Amino acid sequence: MEKRWFTLFKKFEWRYEKGRQIMKGSGNLFKIGSGTVFCCVAAAFALMGLAVELWAQEWAPSWQLPRRDRPANLIEAPITGRGEMPESRFFPPMICGACHTDIFQQWRGSTHAYAWSDPLFQALYQKGRQEAKGEQIEVMDSCVRCHSPVSFTAGEWTTTQPPMPSEASKQNVFCDFCHSIKATAGIGNAPFIVDPGDAAKMDFGTKRGPFKDSPKINHNTEYSELHTRSEFCGSCHDVSHAGSRLAVEQTYTEWHMGPYNTGDPATTVHCQDCHMRQRPGVPSTGSTERPDNPGFAAPKQVGGVERPHIWTHYYIGGTSLVLGPSLQEPERQKMAEDRLKNAAKVEILATSSTEPGELLRFRVIVDNIGAGHYIPTGLTEVRQAWLEVEATDAGGKQVYHSGYLDDKGHLDGDAVVYHTVFGDKDGKPTYKVWEADHIISDHRIPPRGQMVEKYAFLVPSDAKMPLQVKTVLHYRSAPQWLAVELLGDKAPTIPIVDMAEAAVTVTGSKAP
């Protein structure tokens with residue numbers, strides 16, 4: 001704490017001196033006869049800049065790891081604040097793609113490449129900007145720090161004015177930003193500390209990454225332990241409400257507290273071990289093999305080194321929704337489906353026999369076998385995973401149905417849904433994260449855990465035995481009604497992926 005306040009004091013001292021220089025250079029504008037007034041104005045300039053930084057550090061990081069558990073470059077230090085890093089210092093991804101061709105092609109269709117421009121996110125974000133009041137405004141401000149970090153660090157965004165993004169910040173979350181992060185100050189709400197080169201001067205600076213022997217050709221290189229561990233991902237994939245401090249996204253925390261984090265470097269499975277090993281035909285989940293990806297990060301002709309494993313940059317996750325031209329490729333949609341289909345399994349436990357007119361009771365067990373976090377994770381007040389259960393008799397007549405969709409894509413109100421329900425300050429359910437005050441319910445499946453759902457229905461007296469009972473675990477990134485509410489007639493049909501299914505036959509107890 002003393003070190004932090006000392007650092008902030010030094011920044012005040014720097015800003016005070018900067019204020020004095022500005023005042024001196026504006027003699028015609030400021031006819032100040034009093035040295036006291038001169039100093040006060042300079043101090044005000046310093047305090048305003050310091051207040052912005054203190055405000056940012058008020059909500060970032062969300063929390064801190066014990067020192068013994070931190071990577072070397074997760075430190076206690078002031079984070080990079082708004083306006084402290086002009087966009088002209090960052091190189092656009094096309095420049096990186098000149099050498100890192102394969103990695104660039106993987107990234108350009110990823111969710112990182114659409115983190116800011118995703119139309120659903122944009123519609124929700126703009127709605128929040130219009131509706132947020134008081135401390136809720138801070139939530140909308142904090143969104144920018146992860147979804148368009150260069151826009152934030154360049155000072156292009158303010159609470160009251162829409163962003164005027166530069167060319168660099170239009171690239172969403174891109175190569176030069178991530179590989180210019182030299183450290184973070186903890187977990188959650190993007191507490192990054194950035195040290196890029198200077199693109200305006202064609203100074204490529206130092207790029208950080210997972211290798212200790214990267215050649216220094218166009219830019220300097222530096223090994224970063226942070227980039228090899230889940231704590232790097234946890235910078236953004238763990239979010240607390242900037243006003244109420246409510247935990248609204250806890251993907252990193254779910255992993256940190258789960259079984260994939262063993263505490264032993266030899267056996268711990270980090271985020272990168274699943275999400276940066278996936279490629280076409282290789283789902284790379286907790287229930288599948290996660291083989292190495294041998295190759296080059298850059299072609300041999302430009303100095304690239306052949307390695308037993310090159311981390312992939314597809315970042316598909318469970319997002320099968322088409323966000324942009326690159327994601328229209330069937331291959332990428334298939335990768336999302338492969339990941340989802342290898343994340344869970346379902347099982348039905350039912351009595352082996354029953355009779356028409358009797359009550360049939362059964363259980364559906366849902367196991368999280370492949371995700372290192374809860375199912376679903378991330379924006380869980382919007383994500384939907386749900387069970388559809390259907391029973392038909394020997395004649396094909398439907399005798400029970402739960403978890404169905406109507407012709408508008410609306411989900412049956414009695415369905416078992418895996419998601420989080422936020423409440424506003426009046427206790428009413430809300431999907432609007434800026435209004436979130438508390439959690440009404442959180443019904444999801446933990447990593448390597450299970451949920452057991454109980455069902456019962458009265459078998460119609462005219463049902464023809466045996467009965468066929470089937471269940472399917474479905475997933476979609478957002479409910480269809482929300483897409484329509486946000487995008488109107490331009491709303492896409494939200495894809496639904498069948499993650500897992502199971503079926504059993506229940507015979508009549510009087511069958512011969």
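# Close-up views of the predicted model

**View 1. The lining of the second largest pocket divides into 5 nonpolar, 6 polar and 6 charged residues.** Classes are nonpolar (Ala, Val, Leu, Ile, Met, Phe, Trp, Tyr, Cys, Pro), charged (Asp, Glu, Lys, Arg) and polar (the others, Gly among them). This is a predicted model, where local features need pLDDT of at least 70, side-chain atom pairs count only at pLDDT 80 or more, and totals for chains, interfaces and linings use all residues. Numbering starts from 1 along each chain as its sequence is written, and side-chain values use heavy atoms, with hydrogens and water left out. In total, 17 residues line the second largest pocket. Arg229, Asp264, Pro265, Thr268 and His270 lie nearest its centre. Helix H10 (residues 251–256) gives the most to this lining, with 3 residues. The second largest pocket holds about 370 Å³ of space. A pocket is an open set of points on a 1 Å grid over the protein atoms alone, where a 1.4 Å probe fits, with protein on both sides within 12 Å along at least five of seven lines; lining residues have an atom within 4 Å of a point. Volume is the space filled by probe spheres set on the points.

**View 2. Helix H5 (residues 119–131) packs on helix H6 (residues 136–147).** Helices (H or I, at least four residues) and strands (E, at least two) are DSSP runs, numbered from the N terminus. The H5–H6 angle is about 150°, and the axes are 8 Å apart. Axes are lines fitted to C-alpha atoms, for helices over the stretch in contact, and angles run from 0 to 180 degrees between N-to-C directions. H5 and H6 are therefore roughly antiparallel (over 145 degrees). From H5, Phe121, Tyr125, Gly128, Arg129 and Glu131 meet Gln136, Met140, Cys143, Val144 and His147 of H6 (heavy atoms within 4.5 Å). This contact has 5 nonpolar, 3 polar and 2 charged residues.

**View 3. H5 also packs on helix H13 (residues 480–487).** Here the angle is about 65°, with the axes 9 Å apart. Pro119, Leu120, Ala123, Leu124 and Lys127 of H5 meet Ala483, Glu485, Leu486 and Leu487 of H13. By class, the contact has 7 nonpolar, no polar and 2 charged residues.

**View 4. A cis peptide bond runs from Ile375 to Pro376.** Omega is near -10°. Pro376 sits in the loop between strand S11 (359–368) and strand S12 (384–392).

**View 5. Met465 and Pro466 are joined by a cis peptide bond.** Omega is about 5°. Pro466 is in the loop between strand S17 (450–458) and strand S18 (467–476).

**View 6. Asn172 has a positive phi although it is not a glycine.** The phi value is about 65°. Asn172 lies in the loop between helix H7 (149–153) and helix H8 (175–178).

Definitions and conventions:
Parallel < 35°, antiparallel > 145°, perpendicular 65-115°, else oblique.
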